[in-house]
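Me: Please take me through this model term by term. I would like each label set against its cut-off.

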Amino acid sequence: MDWISPRRLNRLGMLNMNRRNVDYIARYNERSSYPLVDNKLKTKLAVAEYGVTTPRLLQVVRQQHEISHFREMAEGLGGFAIKPAKGSGGKGITVITGRDDDNYIKASGARVAAPDLERHLTNILAGLYSLAGSPDVAIVENLVESAPSLAKFSYQGVPDIRIVVFQGYPVMAMLRLATKASDGKANLHQGAVGVGLDIGTGRSLNAVQFNRPITLHPDTGLALENINIEAWEDMLEMAARCYEATGLGYMGVDLVVDANEGPLLLELNARPGLAIQMANGRGLLPRLRTIESLKRPHFTPRERANYAMNVFGAL
Amino acid sequence: MKPRSRLPFYVAVFLLISAGISLAVWRHIELGIPWLTGEQRPVWMIEARVDFDADDNAVQASLNVPDQPPGFRILSEQAASPGYGFSIIEKSGNRTAEWTKRDVSGPQTLYFKAQFIPDETALSQKPAKEPKARKVFFEEPQATAVRELLAQANARSSTPESMTRELIRLMQPDTRTQNTTLLVAEENYLDLLVDMLNHSGIPARIADGLKLEDARRRQSLMSFLQIYNGQQWLTFDPKNAEQGVPESLLLWRQGSASLLDVVGGDNSEVSFSMLRQTVPALQLATMQADSNGLGFLSFYELPIEEQSMFRMLLLLPLGALVVAFMRIVIGIRTSGTFMPVLIAVAFVQTTLVPGLIAFLSVVSIGLMMRGYLSSLNLLLVSRISALIILVIFITAGLSIIGYQMGFNTGMTVTFFPMVIIAWTIERMSILWEEEGANEVAVQGAGSLFVAICAYLLMSTPLAGHLTFNFPELHFAVLGLILLMGQYTGYKLSELKRFTPMRAYD
């Protein structure tokens, strides 16, 4: 068994679960703001006022009887995504990329019939995927078409970029690439690849899968060293803006780059995971403490993004 | 944002823990509740036997019985005497056991039994009414001799105690003067001593004591001298003037009332037998709880049914402590936060191995049935409800099959909380669909591991004993849980998880 000593972890500034919960989430995140991020529908509406774009909303299914309208609406669509508004960790998200006669084609290539999708909607409404099992609503969104420069790295699925924003400053970022093991989902503990991104430039640093360092994507076989995210400064600013929209001091912002519409906000997370540190090969604590000790915080998102790029950028 | 000072929190936790522990220590000292199970305490069982011949008439027999004997506490009293009316009467500081019967003839035997616990701290209390010296008149020529002796003793003493000692010394055979010889005869020695002390203005009386030796029969009382020094009654050995009650001496009669009065009978006599017993210390504490001011803090006075319920309930905080420790400090993942505690409680009732077998079989059969349910496209609430009913079917089936096959352990399934099991199955099933069998195995094993740890802690006799008899210790448990809520260090599992970070150090 391999172990790392607590002293070494401290030296690396690794944030751990207990400290994250006590010193950051509990201290900087107002309980009353949680519904805003735990409910994707509310998130969409809240951030829209701050100029943060999200995938286009096609339909909201609130009641069981509204499910019958779903088929009519879906008739004319090429691709869409069904999401539980209160789902967490990508649970219950079904992505449909096209049609094949009466069947819908999922992102994985599997075909599902309309009744299966309706059953899925029923499950969502009953709260199967929501945090406390409470009744939920289903939202149907326009399908995100990933920018080809990034999409090629991912095995199915849409690569997304997780940025941890602390008091409005983007402090750490990573690119998440779906793999065969993760079933096309960009979920790290299910086996997606996490690629640490340099806050200063948007270039890739290290990559991990299942917490192990890797250099090539296990399915696409592409090298993960020289990925470069375009319009990096804009993305950081967009992430920083979410702080004004929600008031959450410590959150994870998940962005995607759409081929047509540019960066879009997928969802916010009030309890962002710790794996981002492994992907970056750096601990969060030094950066969080830098922000905490700031005498005069910057007021505009752009200023904060620039400050972060200068201070936290890799040399 | 400025972090709030944690000092008040730590002070509160410290107070909570120290309050819990000191309250427990206090009750241990005051009530004698033992720290460990199975602790034994000596108890003296003393039986007074009254014999007399009744003369065909109504009988009333009164026996003086102890009332706050110094160095002992009375645990129980009972009388055995067929056909007699019995009561204990308290009158002007004397306690008497009284037997009554209308028509009695022939030799009669009455028994009075009492249990005494040796207790260093039990002192005789100050009498309610200040005792006064009795007026005694001596006839000449004794009066002169008494006056002489008292004057001699008085000259050599300063306090009632020293006066008594001097007087006793003067009246010993080897120091007797002419005056003394005139007065003292073997038979009246103690009575005379008491009379003389009273005459000199010191309240004095005779007390009867019983020397405690294991398994003695037909013992009689020994007489001692007691004087009142203005604060309390002091006991002296009238032979050698030694002050204080000797060890293993029980003062049966203190006060002026006579030891035995029988109206309607003659040839009455009383004799004593004694036995040294051991009683579980806990039983002693329980029996004394109601007589002690601290007794209200315990569960002993609740009805037995509620008591046994609390026995179970009070174990739960220990389970919660184990879960908190395992999740916060060790970092074991469990399915449902407190499911392991409830499973552990069920294990306490079923014992471990049968409980494990029952639990695993119910959950695995339930998971198979849940697989079918999920294809039915049901709403969540009705799916869970259906699952609860299925779980009940499964447990009933297992119980019946087990019983028919001769395994009584099959019956223990019923101790598991049905709703919790149904939810466990539901969660496991969703986990299986979403995260794969691997995660189900990890969380299931984690839950069972935590449940077994909690069970092992909760099922130790000491844990049950301490939680029930010292419920205030839960303050300390609460304090520990609160402390753990502030633990911001690495979990044990994180030391493993973050191992690849070594490459970047």
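Reply: A residue is buried if 20 or more other C-beta atoms lie within 10 Å of its own, exposed if 12 or fewer, and partly exposed in between, with C-beta atoms placed from the backbone. In α1(B), the residues that reach this mark are Val13(B), Gly20(B), Ala24(B), Arg27(B) and Leu31(B). The model is predicted: local features need pLDDT of at least 70, side-chain atom pairs count only at pLDDT 80 or more, and totals for chains, interfaces and linings use all residues. Residues are numbered from 1 along each chain as its sequence is written, and chains are lettered from A and ligands numbered from 1 in the order in which they are written.

Me: What makes α1 of chain B a helix, and how does its reach compare with the span expected?

Reply: Helices are DSSP runs of H or I with at least four residues, strands are runs of E with at least two, and both are numbered from the N terminus. Helix α1 (residues 7-31) of chain B has 25 residues. The expected span is 1.5 Å times one less than the number of residues. Just after α1(B), Gly32(B) takes a positive phi of about 70°.

Me: Which residues of α11(B) are buried, and what covers them?

Reply: The buried residues of α11(B) are Arg383(B), Leu387(B), Leu390(B), Val391(B), Ile394(B), Thr395(B), Leu398(B) and Gly402(B). Their cover includes α10 (352-374) and α12 (418-435) of chain B. Helix α11 spans residues 380-404 and reaches 36 Å, close to the 36 Å expected.

Me: What makes a set of residues a nonpolar core, and which residues have the most contacts inside the largest one?

Reply: A nonpolar core is a set of buried Ala, Val, Leu, Ile, Met, Phe, Trp, Tyr and Cys residues joined through C-beta atoms within 7 Å. The largest has 98 residues, and Val165(A), Val195(A), Ala239(A), Cys242(A) and Leu255(A) have the most contacts inside it. Helix α8 (residues 232-246) of chain A gives the largest share, nine residues. Apart from this core lies another, of 49 residues, among them Ile46(B), Leu63(B), Leu110(B) and Leu251(B).

Me: How many residues join chain A to chain B, and why are some of them called nonpolar?

Reply: 31 residues of chain A are in contact with 27 residues of chain B. The largest share of the chain A side, seven residues, comes from α2(A). Ala, Val, Leu, Ile, Met, Phe, Trp, Tyr, Cys and Pro count as nonpolar, Asp, Glu, Lys and Arg as charged, and the others, Gly among them, as polar. By that rule the chain A side has 13 nonpolar, eight polar and ten charged residues.

Me: What confidence does the predictor give?

Reply: The complex has an ipTM of 0.79 and a pTM of 0.71. pLDDT is the predictor's confidence in each residue, from 0 to 100; chain B averages 81, and 90% of the residues score at least 70.

Notes
Two residues are in contact if their C-beta atoms, placed from the backbone, lie within 7 Å.
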